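Open the model in your viewer and get ready to click along.

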Amino acid sequence: MKFTLITLFPDEISSSISFGILGRAIKNKVIEVDYISLRDYSDNKYQSIDDKPYGGGPGMLIQAEPLIKAINKVRSESNKNIPVIFLTPQGKLFTQKTAKAYSQINQLIIVSGRYEGFDERVHELVDNSSEISIGDYVISGGEIATAVIIDAITRLLPGALGDENSAKQDSFSEGLLDYPHYTRPEEVEGIKVPEVLLSGNHNAINQWRFKQSIGKTFDKRPDLIKKRNLTDEEEEILNEYIKDNKE
Ligand code: 6GU
């Protein structure tokens, strides 16, 4: 999959994605990342691409024209209407479901916002585009958000993870949080690893893990449980979890 990134700070993104699983995915050509510097599309000798908001107020906005030019250039080189993501806290929430959907396409243009955001007209003028936010908080720019989105999508691509099942087991992949994990030693300050995990009984282990997954999600993220609509069997498992954890 190819990511074309339009940004003012390419180094900030490239330094966040050059290690570990992402670094390896780039090396192994699971993903390709292209950087487009927005300043190259400025129409003045100062290479500025931002200006003050009409109506007053703090901060600066990214201007529509350089951005549209940069997007058109990328699209014209591929003769395809490549989807565009504008990163902004005003966007739709990015979720595992969004990541899965994007992992099915072969090229994506991601625009990192800075300052107070974009001139609103880009959203009307750039077709096949959406505004995306990574959460209900504000960070200083879209570069870190871009790295987050590339990471979430790349994990889902064949060949990115050592173990193909890792992504399937991730939290959220089934609309639930991941179950708890334990490693050696068997006892830490009086707290033992749950007996079942030492039993070697894989059926029992899987059942325990699923129960924990539903239960922990219920405890910490009731919103996810509501959204998922538990089956009767899952409802029963959750009731067992609640009973197990009383007192
Ligand atoms: Cl995409 N950008 C910024 N600046 N803040 C955010 C965000 C993006 N998503 C959540 N907060």
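Start by selecting β5, the element that gives the most residues, three, to the shell around the ligand. You are looking at a predicted model.

Next, show the side chains around the ligand. Pick Leu87, Thr88 and Pro89, then Ile132, Ser133, Ile134 and Gly135, and finish with Tyr137, Val138, Ile139, Gly141 and Ala145. Colour these shell residues by class and you will find eight nonpolar, four polar and no charged.

Select Ser133: an N or O atom in its side chain is 3.3 Å from a nitrogen atom of the ligand. Move to Ile134, where a polar backbone atom is 2.9 Å from a ligand nitrogen. Then click Ile139, which has a backbone N or O atom 2.7 Å from a nitrogen atom of the ligand. How much of the ligand's accessible area does the protein cover? On its own the ligand has 290 Å² of accessible area, and the protein covers 95% of that.

Select Thr95, Gln96, Phe172, Leu224 and Lys227, the closest to the pocket's centre among its 19 lining residues. Now highlight α4 (96–102) and α9 (222–228), the elements that give two or more residues to this lining. The largest share, four residues, comes from α9. By class, the lining has six nonpolar, five polar and eight charged residues.

Where does the largest pocket lie? Colour domain 1 (2–154) and domain 2 (171–246) separately: both give residues to the lining, so the pocket lies between them.

The last stop is the second largest pocket, with about 400 Å³ of space. Select Asp51, Gln63, Ala64, Asp119 and Arg121, which lie nearest its centre out of the 20 residues that line it. Then show β4 (61–62), α3 (64–76) and α5 (121–125), each of which supplies at least two lining residues. Which element gives the most to this lining? Click α3, which gives five residues. Colour the lining by class one more time, and this pocket shows nine nonpolar, four polar and seven charged residues.

Technical notes. Residues are numbered from 1 along each chain as its sequence is written. This is a predicted model: local features need pLDDT of at least 70, side-chain atom pairs count only at pLDDT 80 or more; totals for chains, interfaces and linings use all residues. Side-chain values use heavy atoms; hydrogens and water are left out. On a 1 Å grid over the protein atoms alone, a cavity is a set of points where a 1.4 Å probe fits but cannot get out, and a pocket is an open set with protein on both sides within 12 Å along at least five of seven lines; lining residues have an atom within 4 Å of a point. Ala, Val, Leu, Ile, Met, Phe, Trp, Tyr, Cys and Pro count as nonpolar, Asp, Glu, Lys and Arg as charged, and the others, Gly among them, as polar. Domain bounds come from an automatic or database domain assignment. Grid points are joined across faces, edges and corners, and a volume is the space filled by probe spheres set on the points. A residue is near a molecule or strand if one of its heavy atoms lies within 4 Å of it. A polar contact is a pair of N or O atoms within 3.5 Å; within protein, one must be able to donate a hydrogen and the other to accept it, and residues adjacent in sequence count only if both atoms are side-chain atoms. Accessible areas come from the Shrake-Rupley method with a 1.4 Å probe; for residues, only the protein chains shown count as cover.
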